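Please keep the sequence and the structure at hand while reading.

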Amino acid sequence: MNPALLAQLIQLGTQYGIPIVEQAIAAMKGNPQQQAETDDAYIARLNADTTSTLADASGKDQQAEG
Amino acid sequence: MNQKLTLVLSIVAVILSVAALAGCAYKKVNSNNPAVVAAVSINSAAHMTDALGNALAGARQYLESVKTTEPDYYSKFDPWITSIAKKNDAAIAALRAAEVGDTSGSWIAAMQAIAAEAGKESPTVWGFKNPSSQTGAIAAFAAFEAALSTIASHFGGKQ
């Protein structure tokens, strides 16, 4: 990691607390959502969203079938 | 329902569907974990079925609004819209099965079947009796075509 950037992150960490540093590092790695939580937690969140989305979609199909 | 109101409702449906598509655009992840990739793929497909559901509901409203003024059009496209809605429901069922452990990948074929069915007709090309009916059809089916285009581009089954 760029030393200057690391220094900035440490300063931010001191100023605002460690979590913001962790989030910044996760963001730099790409896909912050996934870096900030475990794969299992991410999958669980996706699955919950999938379940509610499918229920919503099915209701609309019933309307469309007339 | 008068045609002006229908047009407004159709435009609202378009906006909602396009917003849904923008929000659900196929998620990209930097993970090599097959479980993550599978969950993301299924989640994206679920959002596509939801966007198509919105679009189908809008198309249905439009069809009902021209039932008496464009009866031939209604007769032609009513069964088609119903068929696509049923295929969307089949995709939803396959996605639900995948969620609980079905690894056959049948949901992919179900998504392709939607696009294939959609490619059989062109609902905005028709000899409308009333010119405003075509304007309404173009608005009503814009979201529908956007949703199908997204499905076809990710899963094939060219529309």
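**Where the two chains meet**

The side chains of K60(A) and D50(B) come together in a salt bridge, with 2.8 Å from N to O, the term standing for a side-chain nitrogen of Lys or Arg within 4 Å of a carboxyl oxygen of Asp or Glu. Between chain A and chain B the count is one salt bridge. Of the side of chain A that touches chain B, the largest share, 19 residues, is supplied by helix α4 (residues 39-64) of chain A, where helices (H or I, at least four residues) and strands (E, at least two) are DSSP runs numbered from the N terminus.

This is a predicted model, in which local features need pLDDT of at least 70 and side-chain atom pairs count only at pLDDT 80 or more, while totals for chains, interfaces and linings use all residues. Residues are numbered from 1 along each chain as its sequence is written, chains are lettered from A and ligands numbered from 1 in the order in which they are written, and side-chain values use heavy atoms, with hydrogens and water left out.

Taken as a whole, the interface brings 25 residues of chain A into contact (heavy atoms within 4.5 Å) with 30 residues of chain B. The two chains bury about 2,200 Å² between them, 54% of it on carbon and sulfur atoms, buried area being the accessible area (1.4 Å probe) that two parts lose on being put together, summed over both.

**Chain A and the rings of chain B**

Chain A has four helices and zero strands, and 29% of its 66 residues count as buried, that is, under 20% relative accessible area (1.4 Å probe, protein chains only).

In chain B, attention turns to aromatic rings. A search of the whole structure finds ten aromatic pairs over all chains, rings of Phe, Tyr and Trp (its six-membered ring) being paired if their centres lie within 6.5 Å, with planes under 30 degrees apart counted as stacked, over 60 as edge-to-face and the rest as tilted. Y62(B) and Y73(B) form an edge-to-face pair, 6.2 Å centre to centre and with 80° between the planes, and this pair links helix α2 (residues 34-65) of chain B to helix α3 (residues 71-99) of chain B. Both Y62(B) and Y73(B) are buried. The ring centres of W80(B) and F144(B) are 5.5 Å apart and their planes lie at 65°, so this pair is edge-to-face. W80(B) and F144(B) are both buried, and they belong to one aromatic cluster whose members include Y62(B), Y73(B) and F77(B).

Methods. Buried means under 20% relative accessible area, exposed over 50%, partly exposed in between (1.4 Å probe, protein chains only).
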